Amino acid sequence: MNVFSKVILNFKDFWLTGIKLTVQITIYSIFIGLFLGLLLAIMRIYGNRFLKALAVGYIDIIRGTPMIVQLFILYYGLGSTQIAKFTPMQAAIIGMGLNSAAYQAEYFRTAFLAIPTGQTEAALSLGMTKTGLIFNILLPQVIRIVLPSWTNELIALTQYSSLAMVLTVMELTSVAKYVGSKTFLYIQAFSVAGIIYLAISVILTRLMTYFEKKLSIPGGSTAKLRI
C-alpha cells in the first residue's frame, strides 16, 4: 500500500468532514463579522458619543487580544460559569465571527471615509435622513470599495479556522494530526492539509476577484485602493 492510499484513501471520510467543517467555519464567521463589523463602523462614524466609545472599545479589546484566548474564554470560560454553553463548533464560529467583526469594522470605516463628503452634504441638503443616506447612497459604494479587503479577510479566516482544533473541532488541521497519529506519516498528512487549504484559498481568491471586477466602480476606485 503506497503513501497516497495510507494517508488519503484510508481516511477519505475524515478529510471530507474536515473540508466541510473548515468551509462552514469560514463562511459562517465571515458573515457574522460582516454584519457586526458594518454595525460597528456605522456606530463609530455616525453614532453619538456613547455608541462611538462602545465601538472603539470593542475593536480595541478584540484586536488587542489573541484569537485563541478569545476562543478559550468563549468555550471553556463561559461554559464553566454556565452563563452560556456552546458546542465546540458553535464556539469556533461565534468566536471567529466576533474577532473578524473588529477587523471588518475598520475596513468599512475606511471605505465610508473614502467617499467624497460632497455626496453626504448634497443628500442631507436635499432633506434625506441620515439612515437613508447611509443605506441608499453610501453603502452601495462602500461594499464595492471594501471588497479587496474583504477578500483578504476571507482568506485569513480560512487559515484561522485551524485554531478550531484546540476546541476539538475535527477541521482540516485536526484531521491531519489524527491521520498522522494513526499512520506516523506526519509530513505527508500535514502536506495534504496544506494543499487543501491552498486549493480553498485559491478558489475563494478567484471567486472574489470575479466579483470585484463585476462590481467595480466605473473610474477604477477599487483598482486604485489595491495599489
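Two rings of Phe, Tyr or Trp (its six-membered ring) are taken as a pair if their centres lie within 6.5 Å, and planes over 60 degrees apart make the pair edge-to-face. In this predicted model, a search of the whole structure finds 8 aromatic pairs.

**Aromatic pairs**
- Phe31 and Trp150 are edge-to-face, because their ring centres are 6.2 Å apart and their planes stand at 70 degrees.
- This pair ties together helix α2, which holds Phe31, and helix α7, which holds Trp150, across 119 residues of sequence.
- Phe31 is partly exposed at 41% relative accessibility, whereas Trp150 is buried at 12%.
- Tyr46 and Phe112 also form an edge-to-face pair, with 5.9 Å centre to centre and 80 degrees between the planes.
- Tyr46 in helix α2 and Phe112 in helix α5 are 66 residues apart, so the pair links distant parts of the chain.
- Tyr46 counts as partly exposed at 22% relative accessibility, while Phe112 is buried at 4%.
- Phe11, Phe14 and Tyr178 are linked into a cluster by ring pairs.

**Nonpolar cores**
- The largest nonpolar core has 50 residues, of which Trp15, Ile25 and Phe112 touch the most other members.
- Helices that each supply at least two residues of this core include α2, α5 and α9, and α7 gives the most, with 12 residues.
- A second, separate core of 6 residues includes Met43, Ala55, Ile59 and Ala101.

**Helix α5**
- The 27 residues of α5 should span 39 Å at 1.5 Å a residue, which agrees with the 39 Å between its end C-alpha atoms.
- At Ala102, α5 bends by about 30 degrees.

Methods
Residues numbered from 1 in each chain as written. Predicted model: local features only at pLDDT ≥ 70, side-chain atom pairs only at ≥ 80, totals over all residues. Heavy atoms only, no water. Core = buried A, V, L, I, M, F, W, Y, C linked by side-chain atoms within 4.5 Å. Buried < 20%, exposed > 50% of the residue type's maximum accessible area, 1.4 Å probe, protein only. Helix = DSSP H or I, 4+ residues; strand = E, 2+ residues; numbered from the N terminus. Expected span 1.5 Å × (residues − 1). Bend = angle between axes of the 7 residues up to and from the residue. Phe/Tyr/Trp six-rings, centres within 6.5 Å; stacked < 30°, edge-to-face > 60°.
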